[in-house]
Amino acid sequence: MTPHLHLWLIPVLPLVGATINGFLGKRFSRQTVAAVALLFSGAAFVMVLLVASRFSSLATPHIEFLATWIRAGKFQVDFSFYLDQLSLVMLLVVTGVGFLIHIYSVGYMWEEGGFYRFFTYLNLFMFFMLTLVLASNYLVMFIGWEGVGLASYLLIGFWFTKDSAASAGKKAFIVNRVGDFGFLIALFLLIKHFGSLNFDQVFRSVIPMGPETGGAGLLTAVGLLLMVGAAGKSAQIPLYVWLPDAMEGPTPVSALIHAATMVTAGVYMVSRSHVIFERAPMALTVVAIIGTLTALFAATIGITQTDIKKVLAYSTISQLGYMFMACGVGAFSAGIFHLMTHAFFKGLLFLAAGSVIHAVSGEQDMRQMGGLRTKIPWTFWTMTIATFAIAGIPPLAGFFSKDEILWRAYQASWVYWLIGLFTAFLTAFYMFRLWFMTFFGKYRGTAEAHEESAGDLAHGDTRPGAPASHRHGHGHGGIHESPRLMVIPLVVLAFLSLTGGWIGVPGSLGGSNRFDKFLGPVFHSTITAGVEGHGLAGEKEAEGPEPQTGHGTELIFTGISVLAGLLGLVLAWQLYYRNPQLPQQIAAGLGSLYDAVVHKYYIDELYAALFVKPLIAGSALILWHGIDQDVIDASVDNGAHGANEVSDSVRHMQSGNLRSYAGWVAAGAAAVIAYMVWMGTR
Amino acid sequence: MLRAGRPQDSLAGRRRYLGQRLNITTFIIVSFIKTVLALFVLLTAVAYTVWLERKVVGHMQNRWGPTRVGPFGLLQPLADGIKFLFKEDLTPPHVYKPLYIAAPIIAVMCALTSIAVIPVGNWITIGSLRIPLQITDVNIGLLIILGVTSLGVYGVALAGWSSNSKYSLLGGLRASAQMISYEISLGLSLVGVLMLTGSFSLRDIVEAQSGTFWWIIPRWNIFYGGQFIAFFIYLMSAYAETNRIPFDLPEAETELVAGYHTEYSAMKFAMFFMAEYANMITVAAVASLLFLGGWHGPVFGPPTLQALLPVFWFVLRIFGFLFVYIWVRGTLPRFRYDQLMAFGWKFLLPLAIANLVVTALVVALRA
Amino acid sequence: MVPISYYLILSGILFACGATGFLIKRNIISIFMSIELMLNGVNLSFVAFAAQWHALSGQIFVFFVMVVAAAEAAVGLAIIISVYRTRETLNVDHVDLLKL
Amino acid sequence: MTHLIVFLFFGALCVAGAVNLLVQRHPINSALSLVVVMGALAVEYLLLGAEFVAAVQVIVYAGAVMVLFVFVIMLLNAGEEERTKGSRVALLFGIPGMLVGSVLVGWVLIERTGNQTVSAGALPGAPRTIGWLLFHNFLLPFEVTSILVLIAIMGAVVLASHPDEDQGKKES
């Protein structure tokens, strides 16, 4: 066996950091807190790099056993870690982006209250996320799964004094619970039928099975339930509603958790259990449809949003939709590829947006921005790169991944491709809209005032309900470039999203999709004779360029998608740079449809009416008044009252008079004697 | 005719004597005679101990003591007795009468009872029956003496309480507390001797001390058993038990007029007096029996003399003890009460226990 | 020649007298003495049974009972003294604060 | 015959003392009657042959414990006890229960012990044998009781000593 890698160190290091900061951080200075947090998250990153450096020499999958957790009969769950190409990629993304965002946060959160709290949560999140990624069985994965949920709840509600933040946190948690419910049932099914939760055991027993025809059967059920969980965690229809509200949290959190890492956990989980999905065509189709719809749906909403972070949130949802579409068509490697690139450019976008917000002293409404190009050049250029990347303009990262997904989607069905293409166009449109509204034109905001009247007005612009990060205006009023501490991660991420795609250049462009090859062992390890269907699509493709459809067609499709991106750019340029009054007219023209889109299709209201209100009413009626008050409280109270009554009647025996006691004793003794005699004489 | 008998020590032998050799009537007759004799001797001894005390103390204080009645005032006790008899016996008011009367009787009874088990000499044979010079020889004689003396407290205590005066009450309290306290060390001091001669029968104890060791030294417990510490403790406790100087707190003239018998007069007072002196004699007897080898001593001459000499030696020892009593009274001052208690609890008791342990070790090693 | 049962009945009578004393006496000291009386009755029964079964252990028990009784008397009388100091009474009917 | 007579005489004495303890209203009379009971009991023990028990009965009970009682009575100067109507329970439940219990026990004793008789000195409890038993078969109980007595002594001292006189005790 290969030498011991000490994988356990990777999750534990951030945990140590979290513990130190959590228990002692209150007394630490901000420098110390930041140092601790960075040290441990960085150490985790270094560990991952070490592992990666030795990875080629490993026999994959490399399983590291730590301890036995549960042993019940034949069923056993271990604390053990599972390292293969997939989890290695995830590790690199999580620790790398995570570390960068840690650095960024130091600058961003510098003047916030609860500095140590923030980094404690952040390290805690790293711990759980890494546990999730490294898990070698579904249960340990579930620990991480729940843990990241907890961390995200804590971080969304970081400004817990603000009602909207607190409720947003709750919303995220509850919606996730719905997903976790599905996940749990899937786990139970697995235990019932395979008697184990270890990946390799489950998969080993799954591989012999053929694909379930007719879309019914155990694997389908498991797949669908897993998809429910994934939808909850990765904000897919119908459980996406929590993600936009999650933007209440600090921007680095949005970048790390709600763009780069946590929300992609669903994708990771689906592709981790691809063996099951490949054999459940029905489930795969559902995944694909959900992904596609989500992509389109979120994109349309994204067009009309004016809050810069909300726009990014919806774009995140739609990009996640892309990934699920990829998984749904069996192109798991493509999904993971897009996951990685998306982590780069979306993280960058969020960080840049945070930098913008920071610059204009907490303003988040794009209508209050504009013309920032010259004022904050670093942010502008990095954000530009990110925008082009997400818009799918070659040769940036987004182009390759998105293009691959579209191509594979087409191979599955042209419908996917068409919608995907339209979504790509929409994406490009609203991203450039954001770009233009933010950086071009003339400044429409009020932060200018800061330059005349010093920082005291900084408080003036903290309107109620706005995130506390407004106070960034404090001390250095006016529009200003962010500190170097925040700029460096931007640059690094910009570089990554510039070049990140080149490891996956498809064969059609003269590259030899190295990324796909790298992930090959994971996704092709399950080839068995007679397995047909979606699984095959991935496999065939993976063995280099396809026979039947040559590079030509693929090149055409690439061109089309690029065109779509450029079209979006042009349209946005027309509408938001040339004549900015046009959008209002269009909106007026569209009328009710526009309203619906602005109000996100009234989905939240719908849910409120459908689920929340009945739930509240029912629990108030049955659980609260019915069970809690009339049964539990009643039993306790009546018990107490009864005891009171009885003792009140009996306590007169306790007269305190010695001779009375003696009398009782004598009577009792007489009774005992009589009983004994009676027993004896019988 | 009289001749010295062979000592019988075994319990079985004693029973044979009680059970077989004697039918019940003769036993009762003999016992009655012995009792009367013993009582007469004891009471006379008590009377003349008083005389002796007055004489000796008088000489110690450069006085003559009683001289008028008879030669050397030898008839003085008789005169005292008559005086006590004929004085008016007045009972103060407010006394609790039943106990006021009962108290002196209890005291004197307890004092006189203990003589019943004290052997004064060897067996003698009159005609066909061999009689021990002892009213009765039970094998728990020593325990009986202890019990009776411990009962003697009631006389004093009740007298003090029933006569309903603060002097008496204080005297009674002191007496009872003091007696209880010193009884412990008294008993413990005897245990050493008991361990040396594993028996409670005074006769056995005495027999065990017969003979000599190292050719000359008699095998008395005080020498052979190394019980001189126990002897000392016994002496101290005995003085306290009999309320004698230096422990006569209950009847301290200078503080409480006369202690527990302040309110008593005439015959009742005489009874207390008799009780005290009888107790003295008992204590002396027990001390000589346990520590000084009882009646052992050189025996010679014709059989009758041989039979009576042990009694003489015994009486001699008792006389010596009484003289020491009187001597101490003439010499030592009185303790303070807290000193008394401290002495009893903090000095005598630990000493007695230590002596007990040492003796136990010695016995265990010898065995 | 006395039947064993006589001794036992005597002890029973003594015990009953003690119990009655405990019930009817008001003076703490008298109550204590009633307890001692009960103990004595029990002791007598011990000795009688010892004689019946020819087992000396019965007499040994008597010693233990005596020791316990002595200890109890010492502590009890100390308690009585302290009670009398605080309450100025020996009547148990007046010492009944230990109630709800 | 004499045995029975002696037994009956002292038994009657016992009962008389016990009853006197009940009827007497002055604690000191009760105490003295109890002493009488104990003395008579000692004689009963002698009749049963338990001479050592008898002696210890006299020394410990009559000579020490009861003296302690009398001492306390004198110290607290306890007077006649007043017949307070303290507890109805004692009369309503206690006396009848006590009577029932004793009657039952007596009945059982008469029924079960049969008419086995003992002669004078039936079971000689000689000090030697008693001591042997006490220090071999009953050594552990013996030691435990000694500890109990030690604790009792300390408790008595603590209880009976005035709290405010403590330092006074220390210096003396």
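# Close-up views of a predicted model

View 1. The model shown here and in every other view is predicted. Where does B:H94 sit? Its place is in the loop of chain B between α3 (76-86) and α4 (97-113). The backbone here deserves a look too: phi of B:H94 is near 65 degrees, a positive value in a residue other than glycine. Most residues other than glycine have a negative phi.

**View 2. B:N164 also has a positive phi, near 55 degrees, in a residue other than glycine.** You can find B:N164 in the loop between α5 (141-162) and α6 (166-196) of chain B. Is B:N164 buried, exposed or partly exposed? B:N164 counts as partly exposed, because 16 C-beta neighbours lie inside 10 Å, and that label covers counts between the exposed limit of 12 or fewer and the buried limit of 20 or more. Of the 367 residues of chain B, 46% count as buried. Take the contacts in chain B between residues at least 6 apart in sequence: 76% of them join residues at least 24 apart.

**View 3. A cis peptide bond links A:I237 to A:P238.** Omega of this bond is near 0 degrees. Most peptide bonds are trans. To locate A:P238, look in the loop of chain A between α8 (218-233) and α9 (242-245).

**View 4. A:G114 belongs to the loop between α3 (85-108) and α4 (115-134) of chain A.** The residue is partly exposed, because it has 16 other C-beta atoms within 10 Å. Now look for A:R30, which is 84 residues away from A:G114 along the chain. How many Å separate their C-alpha atoms? The separation is 9.9 Å.

**View 5. Strands β1 (residues 62-72) and β2 (residues 75-83) of chain A form a hairpin.** The two strands run antiparallel and are joined by nine bridges. If you start at A:H62, the residue standing opposite in β2(A) is A:L83. Two residues lie between the strands, and in this turn A:G73 has a positive phi of about 65 degrees. In a regular strand the side chains alternate between the two faces of the sheet.

**View 6. Helices α10 (residues 251-260) and α14 (residues 308-328) of chain A pack with their axes 11 Å apart.** The angle between them is about 5 degrees, so α10(A) is roughly parallel to α14(A). Which residues meet here? On the α10(A) side they are A:T251, A:S254, A:H258 and A:A259, and on the α14(A) side A:K309, A:A313 and A:T316. Sorted by class, this contact has two nonpolar, four polar and one charged residues.

**View 7. A:F125 and A:V287 touch the most other members of the largest nonpolar core, which has 211 residues.** Helix α15 (residues 332-359) of chain A gives the most to this core, namely 18 residues. Let us zoom in on A:V287. Leaving aside neighbours within four places in sequence, A:V287 is in contact with A:M227, A:V270, A:F277, A:F324, A:C327 and A:G328. Another core, of 193 residues, lies apart from this one, and its members include B:L188, C:A73, D:V118 and D:A156.

**View 8. Chains C and D meet through 61 residues of chain C and 72 residues of chain D.** Several elements of chain C each supply at least two residues to the side that touches chain D: β1 (2-3), α1 (4-24), α2 (28-53) and α3 (57-87). Which of them gives the most? It is α3(C), with 22 residues. By class, this side of chain C divides into 45 nonpolar, 13 polar and three charged residues. Strands take part as well: two bridges join β1(C) to strand β1 (residues 117-118) of chain D, and the pair runs antiparallel. Here C:V2 stands opposite D:V118.

**View 9. Chain C contains three helices and one strand.** Reading from the N terminus, the order of the elements is β-α-α-α. Buried residues account for 60% of the 100 residues in chain C.

**View 10. Chain A touches chain D through 14 residues, which are in contact with 13 residues of chain D.** The side of chain A that touches chain D has nine nonpolar, four polar and one charged residues.

Methods:
Residues are numbered from 1 along each chain as its sequence is written. Chains are lettered from A and ligands numbered from 1 in the order in which they are written. This is a predicted model: local features need pLDDT of at least 70, side-chain atom pairs count only at pLDDT 80 or more; totals for chains, interfaces and linings use all residues. A nonpolar core is a set of buried Ala, Val, Leu, Ile, Met, Phe, Trp, Tyr and Cys residues joined through C-beta atoms within 7 Å. Helices (H or I, at least four residues) and strands (E, at least two) are DSSP runs, numbered from the N terminus. Two residues are in contact if their C-beta atoms, placed from the backbone, lie within 7 Å. Ala, Val, Leu, Ile, Met, Phe, Trp, Tyr, Cys and Pro count as nonpolar, Asp, Glu, Lys and Arg as charged, and the others, Gly among them, as polar. Two strands pair if DSSP finds at least two bridges between them. Axes are lines fitted to C-alpha atoms, for helices over the stretch in contact, and angles run from 0 to 180 degrees between N-to-C directions. Angles under 35 degrees count as roughly parallel, over 145 as roughly antiparallel, 65 to 115 as roughly perpendicular and the rest as oblique.
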